[in-house]
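Colleague: I would like to learn how to read features of a model like this one. Please give the general idea first and then the case at hand.

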Amino acid sequence: MQKSSLLTYCFQELERITDNYSGFTFTSISSLLHHHKDFYELILVTKGEWQHTIGNTTTILPTGSLLLFKPGCTHVIFSETTNNTHLVFGVKKEYFDEFIMRSFPSFNLEQLPDCLTKPISIEKRKYIEYLAKMIRESSGSPQIMADEVLFSCISDFIYSTQNPSQNTYILDIIQKLNSYIYLNDSVTDICSHYPIARSTLLHQFKDATGMTVVQYKAQQKLNYACHLLKHSTISVSGLASQLQYDSLSYFVRLFKRTYGMTPTEYRKSFSNPSGNKTF
């Protein structure tokens, strides 16, 4: 295999999708030795087989292989034919770290090795390809769809590193709440999806997470509120209504008690470069 000279580049030089994402490019590039200083890189093999080399180790990647690389991880992906394709996209390190904290609060980022490889299902691959094409065609909100791609990819890695003996029902509830699907559902509605006694399910959830379902939902609703304040123009009252808080004043008090500032102050802190904050 012929390797090119080491090339460090920014995904923004390829194609910028949003302020946080770049790439989403279907490519058949044959060989590139590279790394990305400020980006996490995700690669999905969409057609054919690719060879992947990191260090002195080379592996064959069949269609459906999903790879995640931390910033600074030097590697090569190689194909002998231009008929093979893979989908590559990058996520700014700052946004990726925040996304993990928000979507998987119990996961320790330090657990991630420099490179992760995992096969994914045909259904998930087709779904990710569909979302990527929608983004490239500017259909819908690029940020929301890019977040969905990232969550779809990362959730597979995250849950594969969890304790395999952990109840699969609990992992499913956590995944749904982390992706905001059931944030506005009652505990009874959430538990009704599983063939297990409600009391048993709630007990197992608290054992696994250290929180009740109600506490976990409340935390994720606030995390999602932070996300919307930073990455959308929705009004504070509209946000409170969307997340089904009892009243705007209650939401503002709860937010300030949690983050030390009102939702409006929080939003302004990210629109003012000199006042950037993290949560």
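Colleague: Which side chain makes a polar contact with the side chain of Asp-97?

Modeller: In this predicted model, the partner is Tyr-40, whose side chain lies 3.1 Å from that of Asp-97. A second polar contact, of 2.8 Å, joins the side chains of Asp-97 and Lys-93.

Colleague: Where is Asp-97 placed?

Modeller: Asp-97 is in helix 1, residues 93-103. An α-helix has 3.6 residues a turn, so residues three or four places apart point the same way. Leaving aside residues up to four places away in sequence, Asp-97 touches Tyr-40 and Leu-109.

Colleague: Is Asp-97 buried or exposed?

Modeller: The cut-off for buried is under 20% relative accessible area. Asp-97 has 15%, so it is buried. Helix 1 is mostly covered, with eight of its 11 residues buried. The buried residues include Tyr-95, Phe-96, Glu-98 and Ile-100.

Colleague: How should I read a pair of packed helices, for instance helix 1 and helix 7?

Modeller: Two packed helices are described by the angle between their axes and the distance between the axes. For helix 1 and helix 7, the axes come within 9 Å and cross at roughly 150°. Angles over 145 degrees count as roughly antiparallel, so helix 1 is roughly antiparallel to helix 7.

Colleague: Which residues of helix 1 and helix 7 meet?

Modeller: From helix 1 they are Tyr-95, Glu-98, Arg-102 and Ser-103. On the side of helix 7 they are Gln-220, Asn-223, His-227, Lys-230 and His-231.

Colleague: At what angle do helix 4 and helix 7 pack?

Modeller: The angle is about 25°, and the axes are 10 Å apart. Under 35 degrees counts as roughly parallel, so that is how helix 4 runs relative to helix 7. The crossing of these two helices is right-handed. Ile-174, Leu-177 and Asn-178 in helix 4 meet Val-213, Tyr-216, Lys-217 and Gln-220 in helix 7.

Colleague: And what is the angle between helix 7 and helix 9?

Modeller: Helix 7 and helix 9 pack at about 95°, with axes 11 Å apart. Because the range from 65 to 115 degrees counts as roughly perpendicular, helix 7 is roughly perpendicular to helix 9. Helix 7 makes this contact through Leu-222, Asn-223, Ala-225, Cys-226 and Leu-229. Helix 9 contributes Phe-251, Leu-254, Phe-255, Thr-258 and Tyr-259.

Colleague: Turning to the nonpolar cores, which residues of the largest one touch the most other members?

Modeller: That core has 31 residues, and those touching the most other members are Ile-173, Leu-177, Phe-205, Leu-239, Phe-251 and Phe-255. The elements that give two or more residues to the core are helix 4 (168-178), helix 5 (187-191), helix 6 (198-209), helix 7 (213-231), helix 8 and helix 9 (248-259). Helix 7 supplies the largest share, eight residues. There is also a second, separate core of 30 residues, which includes Phe-89, Phe-96, Ile-100 and Phe-107.

Colleague: What does Phe-255 touch, not counting residues up to four places away in sequence?

Modeller: Its contacts include Leu-222, Ala-225, Cys-226 and Leu-229, as well as Met-261, Pro-263 and Tyr-266.

Colleague: Where does Val-236 lie, and is Val-236 buried or exposed?

Modeller: Val-236 lies in helix 8, residues 236-242. At 18% relative accessibility, Val-236 counts as buried. Beyond four places in sequence, Val-236 touches Leu-229, Leu-248, Phe-251, Val-252, Pro-263 and Thr-264.

Colleague: Which backbone angle stands out at Gln-244?

Modeller: Gln-244 has a positive phi of about 60° although it is not a glycine. Gln-244 is found in the loop between helix 8 and helix 9. The cut-off for exposed is over 50%, so Gln-244, with a relative accessible area of 51%, is exposed.

Colleague: What about Thr-53, is it buried or exposed?

Modeller: Thr-53 counts as buried, at 6% relative accessibility. Thr-53 is placed in strand 5, residues 50-54. The side chain of Thr-53 makes a polar contact of 2.8 Å with the side chain of Thr-58.

Key: Residues are numbered from 1 along each chain as its sequence is written. This is a predicted model: local features need pLDDT of at least 70, side-chain atom pairs count only at pLDDT 80 or more; totals for chains, interfaces and linings use all residues. Side-chain values use heavy atoms; hydrogens and water are left out. Helices (H or I, at least four residues) and strands (E, at least two) are DSSP runs, numbered from the N terminus. Buried means under 20% relative accessible area, exposed over 50%, partly exposed in between (1.4 Å probe, protein chains only). A polar contact is a pair of N or O atoms within 3.5 Å; within protein, one must be able to donate a hydrogen and the other to accept it, and residues adjacent in sequence count only if both atoms are side-chain atoms. Contact means heavy atoms within 4.5 Å. A nonpolar core is a set of buried Ala, Val, Leu, Ile, Met, Phe, Trp, Tyr and Cys residues joined through side-chain atoms within 4.5 Å. Axes are lines fitted to C-alpha atoms, for helices over the stretch in contact, and angles run from 0 to 180 degrees between N-to-C directions. A crossing is left-handed if the near helix is turned anticlockwise from the far one by less than a right angle, and right-handed if clockwise.
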